[in-house]
Amino acid sequence: MIVSQNCPSDIECYKLGGQCIRCLFNESCIYGSPINVTCDPPPTVNCTGERTFIRTALCRYCYQTEPWEHSCEYSAKCLSITSPRSYYSTNCTVKSDVLCLGRRTFRKNVPCNWTGGYKWSTALVLSITLGGFGADRFYLGHWQEGIGKLFSFGGLGVWTLIDVILISLHYLGPADGSLYI
């Protein structure tokens, strides 16, 4: 479905993006091969010049496009540290300069790999230098354990040493379930 209010007006028709034109694909083409397709804008789109033109595209459906050819709505509501790695389903839309068969918006399963902005190097330095006061746990959002480390002086050094090892091995991460930067 083409929505004409999102399409630019008063430009040459052949310069319109894929969301503003209709193209006739030969669905029996060979996957991955370049093909010439005849395209034209719908009557509701205002453009100048020849309304029917030919473009070159790859024979593939929109859901088969490469990751850099579409953009997806990413979610920060899934845990990225689960094993096996968890996935979630999201909407992806093909970029305007890409021509493909089928719907330009499609569902895709993507891995949970979001970050909350915590740096591993910062967590490790805090654990080594101020770990006895719980600074590493406070930084990572584990404030309850941070209070425990603060009042026990890092478990008299034992808890501090364990946290240095856990952070250096990436076993201890941010409390929100995100990954390090």
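1. UniProt positions are given in the numbering used here, feature names are shortened, and annotations may be inferred rather than shown by experiment. The unreviewed UniProt entry annotates residues 150-172 as "transmembrane region". Over residues 150-172 the chain is 74% helix and 0% strand. The end C-alpha atoms of this stretch are 18 Å apart.

2. This is a predicted model: local features need pLDDT of at least 70, side-chain atom pairs count only at pLDDT 80 or more, and totals for chains, interfaces and linings use all residues. Residues are numbered from 1 along each chain as its sequence is written, and side-chain values use heavy atoms, without hydrogens and water.

3. Helices are DSSP runs (H or I, at least four residues), and strands are too (E, at least two), numbered from the N terminus. In helix 1 (residues 120-130), Ala 123, Leu 124, Leu 126 and Ser 127 are buried (under 20% relative accessible area, 1.4 Å probe, protein chains only). These residues lie on the same side of helix 1, because they cover an arc of only 165° around the axis. The arc is that of the directions from the helix axis to the C-beta atoms.

4. Val 125, Ile 128 and Thr 129 are exposed on the other side of helix 1 (over 50%; partly exposed is in between). The cover over the buried residues of helix 1 includes helix 2 (135-140) and helix 5.

5. Helix 3 (residues 143-151) packs against helix 5 (residues 158-168) at an angle of about 140°, with axes 10 Å apart. Glu 145, Gly 148 and Lys 149 of helix 3 meet Trp 159, Thr 160 and Asp 163 of helix 5 in the contact (heavy atoms within 4.5 Å).

How values were computed. Axes fitted to C-alpha atoms, helices over the stretch in contact; angles between N-to-C directions.
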